[in-house]
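Please look over the sequence and the model shown here before reading the notes on confidence, helix packing and strand pairing.

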Amino acid sequence: MSHPELWLGSAPKGRGTVIDFRLPPGGRDQPRRTRSRSTAIRGTTAFLSASALALTGCSSEDPAGKPLAGQDIAPAARAQVADGGTLRWAVDSVPETLNTFQADADATTSRVAQAVLPSMFRLDAKGSPRINPGYLESAKVVDTEPKQVVLYKLNQQAVWSNGREIGAADFAAQWRALSGKDSSYWTARNAGYDRIERIQRGANDLEVKVTFARPYADWRSLFTPLYPKEVMGTPDSFNDGARRKLKVTAGPFMVKKIDRKADRITLTRNPRWWGRPAKLSQIVLRSVPRDERADELAEGKLDLAEIEPDLSHRIVLAARPQGTGTPLQGPDGSDDSDDSKALRGFEVRKAFEPAYTQLALNGADGPLADERVRRAVARALDREELAKAVLKPLGLPAVPVGSHLALSGQPAYADNSDALGGQDTKEAQALLADAGWVRGGPVTEQQEKGEKAAGSKGRKSEDESQGGDDGTHIVGEDNKARAADRKAPGEADREKKHPEKRKEHFAQDGRQQLKQGGAPGAYAPMGTAAPAAAPAGPLAKNGKPLTLTFVLPTGDGSETLRTVADRTRRMLDRVGIRTKLKKVSDDSYFKDHIASGEYDLALYSWPSSAFPATDARPIYAKPVPAADGSLNVEQNYTRVGTDQVDQLFDQALSTLDESESRSLIRKADSRIWATAASIPLYQRPQLTAAKRSVVNAGAFGFQTPVYEDMGFLKKGARASASASEK
């Protein structure tokens, strides 16, 4: 599913941070992985419950659970797949580089690499790394003392497209390029490679021996993809040679042509491929904007494309027997019967992306620098309601995400949200009161006019609005409505003496509004007066109302984000937190707001990783002062972190006991929850339109695509329940 969310991607931490801001799909593309995370605030974790820390060992039930939904790829045995054909696959871009280790690599870069380059490990349906038999016979830790040693035994048939055997020289060249020791290599990441001490040939040419200077738990993340020494051997070939072409590859496919004028990449069968032959003759990856994919599908120009929920709905309706369901309509309300006929040849395949959407709270300054206010925001949210709003209409399980570091089904997953607590209006209000924000407090005239509000540096722009959409506002925020809220003489004194009467008064207010068809904080057309008994005035402190700036992108695919943002704002309004919506262009959303810290609240997505100790650390690590006096936040755009979280990541990264490493990751996640700077909401849906004859492709979920098995069903054949039979 695609809406303009922040889609951050990068590889392991290193010389740079790869930031790929895309208007996501339900997977707009296979997520780029991040490998740097940071966190900032000298806050405490006093609210962290002891029970939340005892995460493992006290129950026989595996807290990882199962994936919320499996992949949906129309699996078919290879015998049922026709030999030949061209799969026309929509992507978001023709990448600027084919080198996944460079800063401007994107999701299509990764897609090409998966099809044409070696990968030592692939992810299974649970997002766990498994040996890729096409390249490896085995890989394991053979020594831990005095140092960790990993021995790779290569598939004896594995060769590059130029006929040279894949071997230790390729591993060594990639290590040297990515180790971070030579600044001539413009690499975006070096995590893991910087821990290697040496690489050497084993007992024969098929063995590669990797010795680590420091223990590295995530060693399976390395050498995927593996580039040939022709690419990694020199800075020039690394920096420039692999950007626009890959002369030497080693996968079921190879790069035939990159046509930037036509925005397409053509992959063709690799004649030197030693594994199961690719069923398809070609794969054409073509850049097609999201809003043009409906027409491209209807015109028969695409076979596979990730799509938005509205197009998904149209395809589902088109598939219904004639005479049933609601007639399709175009955006202008016109009949789309012809379009409906054209879309009947497609089906929607849906799964969950290995990624989740979160509400980010900027704790650098303003009210959210106070942990109590951040916790109040979190306790005001009904995460289940938000998940249902996005996922239930799509027929996907509406289960809130319970971890920052893994998703349901992954080995490191555990629902640690209890470290913060669930929705609780009274607790949220108590936290705000404890932080000094009181309802009906004095507000200076300047503040009342809205010239400067307590929020992220009091920013204001012409794009800001008090409501969820243009022409709307939060009930009770217009001056006429406030006039109706003024108390009769002596009423305030009576409430002080009898606080129970005040509580009852507020409860009645809520019931009255609900009877009128609304809810406290509901949106209404501009000019609608608030109920006469609405709470008096905003929460205020030191003459400033509590107003947070909520930044959202304005792209065409942002409907889902707007839905989530509107509901979030209503929930916050119920506890007295007002929000000011600031709409910004997609291009500036990340660069000018998220990365620079110019926001209070924002929605964006993080991909999940099979290697959270490596990939998650830069997102949650504590920001540190840089040499020039600035704050180095890596990828921690909430700017909140603790030394404790950093230490747990370091310990998890350095232990070779997988059970212990998972336990440490779960403890780190509990402490991240306790800081209340990032609130995971829901796993991102992945919606793919596929021609009905396309098999072994679609919504892949966690699992790495198997490119050699993709293709079109033979005439008269049917997709099987399992693709395990080959």
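The report below takes up confidence, then a pair of helices, then a sheet.

## Basis and confidence

This is a predicted model, in which local features need pLDDT of at least 70 and side-chain atom pairs count only at pLDDT 80 or more, while totals for chains, interfaces and linings use all residues. Residues are numbered from 1 along each chain as its sequence is written, and side-chain values use heavy atoms, with hydrogens and water left out.

The chain averages a pLDDT (the predictor's confidence in each residue, from 0 to 100) of 82, and 75% of the residues score at least 70. Over residues 465–534 pLDDT stays under 50, as it does over residues 1–59. Where pLDDT is low, the predicted coordinates should not be read in detail.

## Helices α20 and α21

Helix α20 (residues 643–654) and helix α21 (residues 658–675), both DSSP runs (H or I, at least four residues), have axes, fitted to C-alpha atoms over the stretch in contact, that come within 8 Å and cross at roughly 165°. The angle, on a scale from 0 to 180 degrees between N-to-C directions, makes α20 roughly antiparallel (over 145 degrees) to α21.

In contact (heavy atoms within 4.5 Å), residues of α20 including Val645, Leu648 and Phe649 meet residues of α21, among them Leu664, Ile665 and Arg671.

Between β14 and β18 (residues 539–541) the antiparallel pairing runs over 2 bridges, and arginine 439 stands opposite leucine 539 in β18.

Methods
Parallel < 35°, antiparallel > 145°, perpendicular 65-115°, else oblique. Pairing = 2+ DSSP bridges.
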